[in-house]
Amino acid sequence: MNDYNPISALIIFFGIAILLFLLFRPTKGWFWLLQKNFKSNEKVIIEDILKQLYHFENSGNKVDTRTLVEVLNFKNKRIVEAIKKMSINDLVYFDKDALKLTEEGHEYALRIIRVHRLWERYLADKTGFHKNEWHDRAERMEHKLSHDETNKLASQLGNPKFDPHGDPIPTKTGKIADIEGVELPRLPVNSIARITHIEDEPEVIYKQILAENIHIGSLLKVVENNNTRIVFHSEGEEFVLAPIVASNLTVLPIEKEVVIEENIARLSGLQENEMAEIIGISKESRGESRRRLLDLGFVKGSKIKIDLLNPLGEPHAYLVKGTSIALRKDQASKILIKKSEHAD
Amino acid sequence: MSKKNIEHIIELSNELRWQIGDDFHDNLTEGIYADAANIVRDSVQTEKGKKRFRLDSKIDKIVTSKTFGFPIMFLILGVVLWLTIIGANYPSSMLANLLLDTIHPALKSGASNIGMPWWLDGFLIDGVYLAVAWVIAVMLPPMAIFFPMFTLLEDFGYLPRVAFNLDNLFKKSGAHGKQALTMSMGFGCNAAGIVATRIIDSPRERLIAIITNNFSLCNGRWPTQILIATIFIGAVVPSSFSSVAALLSVIGIAVLGMAFMFLTSWGLSKTVLKGEVSTFNLELPPYRPPRFWRTLYTSLIDRTLIVLWRAIVFAAPAGAVIWLICNIHVSGDVSIAAWLIDSFDGFGWLLGLNGVILLAYIVAIPANEIVIPTILMLTVLATGMSGGEGAGVMFELDSISATGDVLRAGGWTLLTAINLMLFSLLHNPCSTTIYTIYKETKSAKWTAVASILPVILGFIVTFLVAQIWRLF
């Protein structure tokens, strides 16, 4: 029993550990890559092409095979093969160089988009996955759900109109609501608007928007707009974005002279000894947690103040409807309040 | 109603739902609260000028203050644990005296008087009875002390403040502040700690709390830790420091358990539990004087007795198994136990343990309380030394030094002791706890994760410690 060397035992152990890590680490593990490669069959390629064509046509751009190869993450040869097959099946046709969707192809593309957006809605409302994972998970799911499963999912979710980014979800019959509004950089200084859509592609820019803690559905007021930066106030905080980032936000200008509450703030900004009244809960708080907050009395008109400060910085306890309830900072930032002038 | 009509209604409802939009729930809840407020205004009268929450907010300011909050918390937890561990010694030894030293011999002589065959007598009295008696003697007193104290704190309203103070730490590892409470409850009994996770209403955080509860050293494991630390770790320092060294090492193991709890919570929330729904909120109820007798009664009935009953149900067959493997022989003279010990020895040695310890932990899955008696009995059996009570009869020695002598004769070193302490912290939960996890999660998958994850961690940690130890 004593004729072994602890060093070799350790080496074997760490060898196995490293191998397991390489195989199974999240997303980049060899096992997952192999699995993905194995599964990226023709159906996936065709559906991804359809989707890209749909988006390009919607934004009024022409597409040829070369653009597709650049945009999609598949081998050149496989894309060409897929396109050949698609034109045989009457999904696409060539108009000179440009590739276009047939009626049938258009319908198919809408079905894929419907699944994608419904699944994002599902992830947002019924699961705990973080926002920046929704898109990738929906990308994988859109190829898996059948027609019936999709309709079942839709009715379980209550046939929602929009996905969590504000994109309209096509109905069963292919009806699609319009996104109203303009890109944020086109908004003149001093105008007031509501954020109706946050584009989740490209990922780099989307992550930047998430990091800024910008919420869909919130009101904003532009205070500076030039080529280098766009500055706006929203919910008591100031945001500064580069125009390229800001153009991923769609906003709906508010025409009427709404009593725009200059002093709307987030609950997270409330100080000790200040009194406030709740205006509402931001659209960013969804599903179970939103339901729970409503049940606890975080509804429009409730008076609120800080009851206890936390020794470690968060969560603070808030006194609402006579009960002391502790909320973490990220939750408090999704509750909108109007500070009262005088403390009670 | 004709089918066409129904379809029309469904169509209409879908259309209307589309129009109502997303704010429907908000408006409904708002309406309910507005109505409730109206009713309250009409029918409830409040005394004017009476300031509410006065005493409460004063207490709250102290127990959640930056200076006093944490010392108060550690002091209370320390006192509760100290009272439990020290206080339980006396009733435990009385129970052991009664059940093990008085009733057990009496049963044995009674059995021989009525001419019971040796195998039936051994199976029932040395196996089943002894295991049950042991579990009761070791388990009942600490639980009967710990749970009422804990429940009193809970009833008073202090525990939610602990969760409030600590939430930020738990948030960093993806868990809920209330896990501080279920973790502390786990120091009493993991099964009770897992039942207590019902206070966590967010599904993801609750699962984390359930799976990591086993990293709290429970009452069944404290005595093992203290005994082994006293024998082996106390011996390497000058004798005047030996009890301090033993105490510190046991505290070290408990703290290590908390570190593993945080680490595992973090890992779980980042990987397998990522998709579970997470909602946080923590209500801080007003303080109230605890209802002493009622609390005492409910904590004894709801927590202590239920857990004890489950433990007994699982301990009885374990006792039978222990007796059987020592008394059924394979290939001539070798009992199943000796054969198993022999085959586990190689793997055990790799982990810095030995075959006896591994076998003891397998047969003692039903209750951590019987690990030490089983180890002693198996050591005597494996080494063939004199002493002990016979094959399959668990025993404990009166003096700590005599226990140490038996273990050293079994080939134990300081490394074995340290790794046993680590393995006692990091191994599968007892079967009562596993059963409770299943009852609470209703999921075979999470039960399996909760059972297997700690034992894999235990293997890895003891293996690494053993290899590094042998390098020097």
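Colleague: Why are α13(B) and α14(B) called roughly perpendicular to each other?

Modeller: Keep in mind that this is a predicted model. Helix α13 (residues 336-350) and helix α14 (residues 355-363) of chain B pack at an angle of about 115°, and their axes are 7 Å apart. Angles of 65 to 115 degrees count as roughly perpendicular, so α13(B) and α14(B) get that label. Their crossing is right-handed.

Colleague: Which residues in α13(B) and α14(B) meet?

Modeller: From α13(B), the list includes B:Leu340, B:Ile341, B:Phe344 and B:Asp345, and among their counterparts in α14(B) are B:Val356, B:Leu359 and B:Ile362. The contact residues divide into nine nonpolar, two polar and one charged. B:Asp345 is in the contact, and Asp counts as charged.

Colleague: Okay, on to charges. What makes A:Glu139 and A:Lys51 a salt bridge?

Modeller: The N to O distance between their side chains is 2.6 Å, and the cut-off is within 4 Å, so the pair qualifies. A:Glu139 sits in helix α7 (residues 131-141) and A:Lys51 in helix α3 (residues 42-58), 88 residues apart in chain A.

Colleague: Is A:Lys51 buried or exposed, and how do you know?

Modeller: A:Lys51 has 7% relative accessibility. A:Glu139, at 24%, counts as partly exposed.

Colleague: Why does A:Lys303 count as partly exposed?

Modeller: Its relative accessible area is 48%. Exposed means over 50% and buried under 20%, so a value in between is partly exposed.

Colleague: What does the pair B:Arg206 and B:Glu440 tie together?

Modeller: Their side chains meet in a salt bridge at 2.7 Å, N to O. B:Arg206 is in helix α9 (residues 203-212) and B:Glu440 in helix α18 (residues 431-441) of chain B, so the pair ties together parts 234 residues apart in sequence. B:Glu440 has 14% relative accessibility and counts as buried.

Colleague: And how many salt bridges does the structure hold over all chains?

Modeller: There are 15 of them.

Notes
Residues are numbered from 1 along each chain as its sequence is written. Chains are lettered from A and ligands numbered from 1 in the order in which they are written. This is a predicted model: local features need pLDDT of at least 70, side-chain atom pairs count only at pLDDT 80 or more; totals for chains, interfaces and linings use all residues. Side-chain values use heavy atoms; hydrogens and water are left out. Helices (H or I, at least four residues) and strands (E, at least two) are DSSP runs, numbered from the N terminus. Buried means under 20% relative accessible area, exposed over 50%, partly exposed in between (1.4 Å probe, protein chains only). Axes are lines fitted to C-alpha atoms, for helices over the stretch in contact, and angles run from 0 to 180 degrees between N-to-C directions. Angles under 35 degrees count as roughly parallel, over 145 as roughly antiparallel, 65 to 115 as roughly perpendicular and the rest as oblique. A crossing is left-handed if the near helix is turned anticlockwise from the far one by less than a right angle, and right-handed if clockwise. Contact means heavy atoms within 4.5 Å.
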